[in-house]
Structures are given as structure tokens and as C-alpha cells.
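Please look at the sequence and the structure before reading on.

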Amino acid sequence: MDQSHELELSKEEMKSYGYRVIDTIVEHFVTQNEKSPVAMASRKEMDAIFQEPIPEFPSDPKEVLDFVTKNVLPNSNIVSHPKSYSFVPGPSNYVSVMADTLATGFNIFSGGWAASPAAAELEIVSMNWLLKLFKFPSKKGGGIFTSGGSMANLTALVTARRQLCGDDFSKAIIYMSDQAHSSNVKAIRVIGFKKEQIRIIPTDGEFKMVINKLKNAISRDRLTDLQPFCIIANAGTTNTGTVDPLEQIAEICKNEKLWFHIDGAYGGAAMLSKKGSKALKGIEKADSLTIDPHKWLFQPYEMGCLLVRKSKWLRDTFVEKPEYLRDIEGNPSEINFYDHGIQLTRRFRALKFYMSMKTFGLEAFRKAVSYNIEIAEEVENLLRKSKQWEVVSSATLAIINFRYHPLHLDLSDEQLDTLNQEISKRVVESEESLLVTTVLNKQVVLRMCLINPRTTMVHIKETISSCENFAKQILEE
């Protein structure tokens with residue numbers, strides 16, 4: 001009898017297949033530093049490899065795996081590579097990868113207590129660790145693991161709107177700096193606010209929100225019968241790692257009775273280091289806080305997190321009671337995390353965070369984050385001693401921005417912009433490093449985000465040397 005509808009392999013086939021997958025992952029971890037971090041291909045090239053009609057009949061599973069190993073994996077950037085400096089790298093760690101494999105292999109549903117008490121309990125335990133780390137209330141506080149910072153910010157803003165505006169938010173106004181992450185603007189649009197309800201507050205020379213401008217904007221809105229209701233502050237911007245004046249903003253929120261949301265998706269994990277903790281002073285005063293473990297807490301994708309001062313806010317915002325869930329409602333201590341956010345079906349994200357923390361210990365994570373901050377400062381010192389480079393934004397929470405600007409040449413801003421853009425282009429095309437640009441003070445600059453604990457000064461010096469060589473070639477052309 002044909003049993004293909006069961007979608008199964010034999011025990012021996014599964015073991016053989018699984019060993020090959022694990023061998024492939026291990027080989028990647030031990031050799032990734034020797035590979036190129038950059039994968040470049042056109043749509044035409046990818047179509048030529050992958051386009052085909054949906055397969056009607058089975059293929060040999062090992063052949064499918066070989067095809068993926070040969071064509072998919074090499075055509076993806078290695079974001080955990082020590083020379084992947086751009087955007088926000090994803091250093092990851094092997095224990096968490098295996099934890100994700102377990103969670104996926106057992107297909108654990110992490111939405112409600114009844115489906116998996118252990119999964120819910122580990123999320124509670126992990127969340128309590130984070131509440132303590134960020135000095136949030138341990139008994140009343142709460143949170144939820146999300147797919148990433150975008151979903152965490154969205155969840156925070158929905159919660160803030162529900163708590164402070166109710167059903168009518170037509171006059172509500174949200175404030176953020178010109179350095180706020182685009183996910184906040186996207187979230188605001190998704191939940192029904194108009195662009196006229198957003199106030200973009202200018203930043204100062206260090207890219208921090210200007211407090212006086214913020215106060216003036218709030219005053220003007222109150223005088224015109226609008227409803228200021230939320231301030232979004234940055235705890236480590238993506239562009240520069242800058243932290244807004246959190247304590248001053250917290251005081252404004254307290255006096256004006258506004259919701260205080262902090263987007264710490266990038267920089268929040270700096271709390272683990274002494275320098276980072278000092279820079280993030282006041283973060284504990286937020287009503288809601290986004291952090292992204294899949295960034296600077298070295299977890300694989302996807303894993304974001306939202307913390308709130310009162311877990312009750314999440315339940316009040318998201319609880320729904322459909323008939324088909326009535327048999328799995330437990331007592332109040334048995335948390336159903338589908339009541340704390342948007343997703344009903346949720347993967348078991350807590351397991352990788354829990355297992356990696358248990359395996360390596362918090363002290364190892366502290367050392368890694370501290371190392372990242374220190375190496376960025378070392379890079380700044382190196383650049384400042386060179387006649388070829390100009391530091392545009394000082395090393396801040398492991399991010400530094402700089403541009404090629406040789407002292408002996410009288411180049412205009414336009415020429416410098418073109419030069420630095422071309423340097424980045426050629427570095428990336430060489431596939432040696434992933435180093436792209438951003439724009440600060442209307443200047444094109446090179447940006448390094450150094451949160452990979454395996455990145456060394458040797459890697460960085462090699463990349464800077466390549467940049468200098470490309471610059472000389474460009475200037476000679």
C-alpha cells in the first residue's frame with residue numbers, strides 16, 4: 001500500500017539525513033571566518049538556478065539537501081562573519097542554533113500553557129531574567145518574545161494606545177527623534193495613525209533628541225487641543241549607537257502623563273557592560289522597552305522582546321476569548337502568551353535564550369558585550385591617528401562612523417561623498433567585507449557595527465587597509 005501521504009522517512013533515513021544537516025552546520029561554524037561574508041547574485045542568476053514548476057513527484061532527500069547546500073547556503077550573506085560590519089550583524093551561537101533545532105523538531109506550540117507548560121514556564125523564567133537585568137518591576141512587570149524589534153515596537157505602541165487613548169486616538173500625538181528606527185514609523189502607520197500625528201524631533205550634534213525642541217512640540221500640541229500621548233526614545237540608534245537623554249525624557253513623561261517607550265532593539269543589551277549601563281541610565285523608567293536578543297545577545301533569528309512595567313497592560317490590550325479556546329484557560333498564574341501579544345501561534349523562542357544562558361553563563365555575555373564596546377573605541381583611536389581618515393561619529397555602543405578624507409587633498413563634500421560611496425561599493429564587490437554607508441549631517445560615511453565577539457583588530461585593520469587601497473585606485477582613475 002502506498003504510504004507516501006504520511007510524509008515520513010524511515011528511522012535510518014532520518015538519522016542519516018539529520019547527521020548530514022548537523023555536519024553541515026558544524027562545518028559552517030568552524031570555517032565561516034575563512035569564507036566571504038558577502039554573497040552577490042542577480043535575479044536572473046537566481047532564477048536560472050531555482051525556477052521550476054512545483055514538483056509533482058518525490059526526489060531523493062539527499063539530492064535535495066545537496067542542492068540546497070550547494071546553491072542556497074553559499075548565496076546568502078554570512079551575517080555572523082567577523083568582517084560583516086553593516087546594518088546590525090547577527091553573531092548567533094551554536095547552542096542556540098541547536099536549541100532552535102530542538103524546538104522546531106518537536107514542533108512545540110508556545111502560545112498557551114495547556115499546549116506546553118514547560119515552554120510557557122521557560123518564557124516566564126527568561127522574561128524574569130530580563131526584567132531583573134533592566135531593573136523593571138519583577139512582580140508586576142512582564143513581557144513577551146516576538147519575531148524581532150519591529151513586532152516588539154508594534155506591540156508596545158498598540159498597548160500604549162489602548163492604555164492611554166482607548167478607542168479614540170484621533171487627536172493623539174507621538175514624538176520621536178529624526179534618528180528613530182523606521183520600524184516605529186511603520187508600526188504607527190500599521191495601527192492607524194496618520195503621518196500628521198507624528199512629531200519628528202531634531203537631534204543635536206551627537207544625534208541625541210533635543211529636549212527643548214521636544215518640550216516646545218508638546219506645548220504647541222496641547223495649546224491646539226491635541227493629545228500628546230507617547231514619546232519614543234532611542235537606547236542605541238542604528239545609525240550611530242546614540243542614546244537619547246533617557247532620564248530627562250522620563251521626567252517629561254511623568255509630568256505630562258505620557259507613555260514612555262524606549263526602543264533598545266539595538267543598544268539595550270549594552271546594559272551588560274559597565275560603560276553601557278552608564279550610558280543607558282534611566283532605561284528602567286520606561287513604560288515599555290524593546291530589546292532584540294537576535295542582535296547583541298547573540299541569538300539566531302528570529303527573536304525580539306518587549307518588556308513592560310505591568311504585565312496587566314498586555315492582557316488588557318490583547319486578550320480575546322474565542323469559543324475554541326475555552327477549554328484551555330488555566331488559572332491566572334499559568335500564562336497564555338497569546339494573551340500578551342498579536343500572535344496566537346508562536347514558536348518556542350525562549351528555549352534558545354534559556355539554553356545559551358545556562359550553557360555559557362551571563363558573565364560570558366557580559367565579557368562579549370564589553371569587548372565589542374572596547375574594540376570600537378580602539379578603532380576610533382586608530383582612525384584618529386591616521387592622516388587618511390575622519391571620524392564623523394565617535395564610537396558609541398560598538399558603532400563608529402567615519403569617512404576617507406586625506407589631509408593632503410582639498411576635496412569638496414561632494415567629491416568626498418562620491419569617493420566614500422565608491423570605496424564601499426568596491427569593498428563589497430570584492431566580497432572581502434560587508435561595509436556599507438549611511439548619511440550623517442548630509443555626509444556619506446562608512447559605518448561599522450562591531451557587535452561580533454569574534455571580530456578582532458586584525459580583521460578591522462585588513463578592511464581599513466583595503467579601503468585605503470581602493471581609495472588610491474579611485475583617486476588615480
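**Cavity, pockets and overall build**

The largest cavity holds about 60 Å³ of space. The model is a predicted one, in which local features need pLDDT of at least 70, side-chain atom pairs count only at pLDDT 80 or more, and totals for chains, interfaces and linings use all residues. Residues are numbered from 1 along each chain as its sequence is written, and side-chain values use heavy atoms, with hydrogens and water left out.

**The largest cavity**

- A search of the whole structure finds one cavity of 30 Å³ or more.
- On a 1 Å grid over the protein atoms alone, a cavity is a set of points where a 1.4 Å probe fits but cannot get out; a pocket is an open set with protein on both sides within 12 Å along at least five of seven lines; and lining residues have an atom within 4 Å of a point.
- Grid points are joined across faces, edges and corners, and a volume is the space filled by probe spheres set on the points.
- The lining of the largest cavity consists of Ile144, Phe145, Thr146, Met151, Thr155, Gly341, Ile342, Gln343 and Arg346.
- At least two lining residues come from each of β1 (142-146) and α6 (149-165), and β1 has the largest share, three residues. Here helices (H or I, at least four residues) and strands (E, at least two) are DSSP runs, numbered from the N terminus.
- Four nonpolar, four polar and one charged residues make up this lining. In this scheme Ala, Val, Leu, Ile, Met, Phe, Trp, Tyr, Cys and Pro count as nonpolar, Asp, Glu, Lys and Arg as charged, and the others, Gly among them, as polar.

**The largest pocket**

- The volume of the largest pocket is about 1200 Å³.
- Its lining has 39 residues, and those nearest its centre are Val21, Ile25, Phe29, Leu73 and Val97.
- Two or more lining residues are given by α1 (11-31), α3 (61-71) and α4 (94-105); α1 gives the most, with eight residues.
- By class, this lining has 19 nonpolar, 16 polar and four charged residues.

**The second largest pocket**

- The second largest pocket contains about 440 Å³ of space.
- Of its 28 lining residues, Val88, His181, Thr238, Asp292 and Lys295 are the closest to its centre.
- The elements α6, α11 (293-296) and β10 each give two or more residues to this lining, with α6 giving the most, three residues.
- This lining has seven nonpolar, 16 polar and five charged residues.

**Thr438 in strand β10**

- Thr438 is placed in strand β10 (residues 437-440).
- Thr438 counts as buried because its relative accessibility is 14%; buried means under 20% relative accessible area, exposed over 50%, and partly exposed in between (1.4 Å probe, protein chains only).
- The side chains of Thr438 and Asn239 are joined by a polar contact of 2.6 Å. A polar contact is a pair of N or O atoms within 3.5 Å; within protein, one must be able to donate a hydrogen and the other to accept it, and residues adjacent in sequence count only if both atoms are side-chain atoms.
- Not counting residues up to four places away in sequence, Thr438 touches Asn239, Asn401, Gln443, Val444, Val445 and Arg447, where contact means heavy atoms within 4.5 Å.

**The whole chain**

- The protein chain has 16 helices and eleven strands.
- Of its 477 residues, 49% count as buried.
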